[in-house]
Structure formats: structure tokens, C-alpha cells
Amino acid sequence: MKIGSVNLESPLVVAPMAGMTDTAFRRLVKRHGGCGLVVTEMVSSEGLVRGIDRTLEYAEYTEEERPVSIQVFGGDPDKMAAAAQIVEGMGADIVDVNMGCPVPKIAKHHAGCSLMREPEHAASVIRAMARAVRIPVTVKMRAGWNDSLRNAPDLARRVQDAGAAAVTIHGRTAEQSYTGRADWDLVSQVAADLDIPVLGSGDCLEPHEILDRLRSGVSGVLVGRGVLRNPWILAQAAALAAGKEPAVVSARQRGEFLRSYVRMLLDERVTEADGFRHRAPGQADDSRHAPARGRERWVINKLRALCAWYSKGLEGGSVLRARVNSADSLAALDEIIDAFFVAEPAVVVGSRLPALG
């Protein structure tokens, strides 16, 4: 699969999930194989242009993650073009535009999915960005704003004409959020209509579901919630696509994934070598030497957020969530992981785990 000048070894992509798909998580998923592209958590064009530290941190990535796309949101063509130039200056392979986020605090600023209500303006944003950078500009949108405005086919054509190198369609409207079912017939319709690659997203929680979607006429598939539940899902889907048996993931391996994630978060900006992270031009690189404040609490909170998804479909998953949410130290977390995934593996491996093998 090719997006502009960027070759992807696999058509399977880690979708951006705010607060979840950080660089540590993306690296761990990439190591399992089957992943052709990772997309960062969405970052504000305003924050990038103004050089706000927190925004710049969200945009950071490592060489191991390549090819990488940095997703930006905003509604002002000039600021979005300037943000795209910053992304290009960071060395990213692709800049992606969020036209799919239904969250009110994003949509009310004429960004995210609210851009779908202004198709001409949305196209002007893409046109300004495509003219400002040499790297591919891509767009992620939804089926539409609501059932009476399911205009993804029209908007997709407009952004293609404006210079977009690829489009991703999540088959739900903004009004649906994540309820109901994704409309993959609409996604296939857009794929058949455009000359650029069209990727689909929505309801890919099992490896065989990803394979089914790949056969629907799309060029690739973005997976978000499915990867959070099962970080091996892309590798397993790639194996199925190659006619191979997908790897069976043991309870011990699932426990080690969480331990690896904790270690990577603890090491973040502490033991990393200079140049390990790709940063915005001019961004200060002195955060590694700053004293850690509440680092353990931050790591615990990150693991709690991940386990809300990671425990889905696991037999006894509610027990794991309750234990993790009550943990007050990293030592307690380690004991919980050992008890749940090593000492009591029967609690994990149950009939509701078809995605693991």
C-alpha cells in the first residue's frame, strides 16, 4: 500500500486514540508485527503553532515507530498549514487531519467532525496544507455529522480534489459516537469512488473482522479499540491474510505486555538518549533532566486507563479492572499483574477470547 510517496509494508494501521495510543503503546504494538503505520494522538494546530509544551509532547515519536503520521485538528486554513509545516519539520512521514472527532470541546471550535458540516471550508483547509508541505496530507472523517447529513462520499471527493493523498472513513456519524454499528457499505462506496487510497475504521475487534474489512474494497484498515483490547490483533490479522495460523497469546504474555508498558513509561525522558525522540524544531530538550513529579501516580493512572480496554473480553476482566483501579503503588500493580496473568492464568483464558488465537 502506498500513501503519496510513502510505502506501507502492511495496510493495517494503529488508529489515534486520545489519551491511549502514546509512543510507548505504539512501539509495543509495532514490535508484534503486522502494523504498517501508526498515527499519533490528535494534537492541536493552535498548540503546535504557539509551541505549547503539552501539545508538542503529544506529537513526539521515535524512529522505531516509522512510518508515522501525526494527526492535527483545527479549522483555520492558515494555522493548519503552519501546523503541517511543523509536522514536516519534525520529520514525520504523513500529516493527518482530524475531521472525525465528535467530542463537543473539539467540534465547537469548528474542528474535528464539525468540519463535515462545512465541506467547502474543510476542502480549503486541505488545500492550504497540501500546498504548504511536501509530505502527504491525509484526512480522517466519519460517515457524516448525523443521519440527515451523511456526506462522507461528497466530502471525500472534495478533499481528494484539494490534494489529500488518502482518506479514512469511520462508518459512524458524529451523533452516533461509538454506538450502533459502523456502516461499511458507505466506506466501500467511497473506496470505489475515489482515485486515492481509502481506509476504513469501525467495529474491528477481532482479527477475522479486520480480514473481512480488507476484502470490502478498501486499501487499508485503521484499528483503535481492537488494538487496545488486544495489542497482537494486527499481527494476527496479517497472519490470517497470508493464509497462516495466527499466534496464540498466552496469559503470561499479556501480563508481560503491561509490565513492558509500565517500564517504558517510567523510562520516558529519564534514561532516553539524546535524539531518541523526534521533536518540533526549536523545542527544548531539557525535560529529561527535570525532576519527576508524581511519576508513579501518572504511570498508575495510565495503566488504569489502558486496563479499562485491555480487560474487555477477558474472563474475570471486571476483577482485574477493580484491582488495578484500587492499586496505590507500582509494587501493588506488579503483584496484581502477577496474580492475574501468571499465578491464576485460568482467570484470563476463557471462552470469550477468540481474538487471542
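This is a predicted model: local features need pLDDT of at least 70, side-chain atom pairs count only at pLDDT 80 or more; totals for chains, interfaces and linings use all residues.

Residues are numbered from 1 along each chain as its sequence is written, and side-chain values use heavy atoms, with hydrogens and water left out.

**Stop 1: the largest pocket.** Select P16, M17, A18, C101 and Y178, which lie nearest the centre of the largest pocket among its 33 lining residues. A pocket here is an open set of points on a 1 Å grid over the protein atoms alone, with protein on both sides within 12 Å along at least five of seven lines; lining residues have an atom within 4 Å of a point. Its volume is about 680 Å³, counted as the space filled by probe spheres set on the points, which are joined across faces, edges and corners. Now colour α5 (104-107), β9, β12 (220-223) and α10 (225-229): each gives at least two residues to the lining of this pocket. Helices (H or I, at least four residues) and strands (E, at least two) are DSSP runs, numbered from the N terminus. The pocket lining has 17 nonpolar, 10 polar and six charged residues; Ala, Val, Leu, Ile, Met, Phe, Trp, Tyr, Cys and Pro count as nonpolar, Asp, Glu, Lys and Arg as charged, and the others, Gly among them, as polar.

**Stop 2: the largest cavity.** Next, pick L37, D96, T138, T168 and L222, which lie nearest the centre of the largest cavity. In a cavity, a 1.4 Å probe fits but cannot get out. The model has two cavities of 30 Å³ or more, and the largest holds about 110 Å³ of space. Of its 13 lining residues, nine are nonpolar, three polar and one charged. Show β4 (37-39), β9 (137-144) and β10 (166-173), each with at least two residues in this lining; β10 has the largest share, with three.

**Stop 3: two cysteines.** How far is the sulfur of C101 from the closest cysteine sulfur? The distance is 8.5 Å, to C113, and that is too far for a bond, since a disulfide needs a pair of cysteine sulfur atoms within 2.5 Å. The whole structure has zero disulfides. C101 is buried at 9% relative accessible area and C113 is buried at 0%, where buried means under 20%, exposed over 50% and partly exposed in between (1.4 Å probe, protein chains only).

**Stop 4: helix α12.** Select residues 251-267. These 17 residues reach 25 Å from first C-alpha to last, close to the expected 24 Å, which is 1.5 Å times one less than the number of residues. The buried residues of α12 include F257, L258 and Y261. The buried set packs against α1 (23-32), α10, α13 (295-310) and α15 (330-343), with contact meaning heavy atoms within 4.5 Å. Just past the helix, R269 has a positive phi of about 60 degrees.

Stop 5: Zoom to R66 and P67, joined by a cis peptide bond with omega about -10 degrees; P67 is in the loop between β6 (61-62) and β7 (68-73). Then try S177, with phi near 60 degrees, in the loop between β10 and α8 (184-193). Finish at D203, with phi near 65 degrees, in the loop between β11 (198-201) and α9 (207-214). Is each one buried or partly exposed? S177 is partly exposed at 28%, whereas D203 counts as buried at 5%.
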